[in-house]
Amino acid sequence: MTKLSDTQLVILSAAAQREDRNVLPLPGSLRGGAAAKAVGALLKRGLIAETTTDSRAKADAALNRIWRNDEDGDAILLHITDAGLAAIGVEPDGGDNAPTGADEAPSAEAPQDAPAEAGSAPKARIPRTGTKQAKLIEMLRAEGGATIDEIVAALDWQAHTARGAMSGALKKKLGLTITSEKIEGRGRAYRITDN
């Protein structure tokens, strides 16, 4: 298992939840040398990667969407790789690990011409077997569910990673319904309910 700092976990978890898989913006408190150090460590380990775009947009600390500009002035974005997703227990979507629209610089606002699809259901994703995500689903489907402490012990995760996986990967990405109830002597137990 890849050991990650809390800061690295926060960066990767946030990127995994973004549609374009962009690492930026970084957490608000992470600036300057600390940001460069955190990003450098993730780049070195192959958990994130740089993507050069054709855009000439300048890196702007206020927008915090473009990491830097190369020597030709092209914008360079950061995105999470499949290895980065695996390190936090999230299943990659498949295909290459470049984010959708990686050849375009992200804008600060949503595109004006984006169609509004009313009532469209999220794309159903099926987790692979033998992964931490599959183990988490198995634990949550078991009789009585699982507590955060049980998940942390079984998957060698930190508590915030377990909570993030339930809310991000399971609820948002897979569309599963997770309920919780307080059980005396055990604490709060979480379960997947089949509706």
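## Helices and strands

The protein chain has six helices and six strands, taken as DSSP runs (H or I of at least four residues for helices, E of at least two for strands) and numbered from the N terminus. Along the sequence they follow the pattern α-α-β-β-β-α-α-β-α-α-β-β.

This is a predicted model, in which local features need pLDDT of at least 70 and side-chain atom pairs count only at pLDDT 80 or more, while totals for chains, interfaces and linings use all residues. Residues are numbered from 1 along each chain as its sequence is written, and side-chain values use heavy atoms, leaving out hydrogens and water.

Of the 195 residues in the protein chain, 38% are buried, meaning under 20% relative accessible area with a 1.4 Å probe and protein chains only.

## Two nonpolar cores

Let's look at the cores next. A nonpolar core is a set of buried Ala, Val, Leu, Ile, Met, Phe, Trp, Tyr and Cys residues joined through side-chain atoms within 4.5 Å. The largest one holds 23 residues, of which Leu4, Ile11, Leu12, Val23, Leu26, Ile48 and Ile88 touch the most other members. Two or more residues each come from helix 1 (6-17), helix 2 (32-44), strand 3 (75-80) and helix 3 (82-87), and helix 1 gives the most, with five. Apart from this core lies another, of 18 residues, including Leu136, Ala146, Ile151 and Tyr190.

Beyond its neighbours within four places in sequence, Ile11 is in contact with Val23, Leu26, Pro27, Leu30, Ala38 and Leu42.

## A buried serine in a loop

Ser55 sits in the loop between strand 1 (48-52) and strand 2 (68-69). With a relative accessible area of 18%, Ser55 is buried. Its C-alpha atom is separated by 5.6 Å from that of Asp74, 19 residues apart along the chain.

## The cavity

The structure holds one cavity of 30 Å³ or more. On a 1 Å grid over the protein atoms alone, a cavity is a set of points where a 1.4 Å probe fits but cannot get out, and lining residues have an atom within 4 Å of a point. The largest cavity has about 110 Å³ of space, a volume being the space filled by probe spheres set on the points.

Helix 6 (159-173) and helix 1 each supply at least two lining residues, and helix 6 gives the most, with six. Among the lining residues are Ser13, Ile88, Thr161 and Lys173.

Conventions:
Buried means under 20% relative accessible area, exposed over 50%, partly exposed in between (1.4 Å probe, protein chains only). Contact means heavy atoms within 4.5 Å. On a 1 Å grid over the protein atoms alone, a cavity is a set of points where a 1.4 Å probe fits but cannot get out, and a pocket is an open set with protein on both sides within 12 Å along at least five of seven lines; lining residues have an atom within 4 Å of a point.
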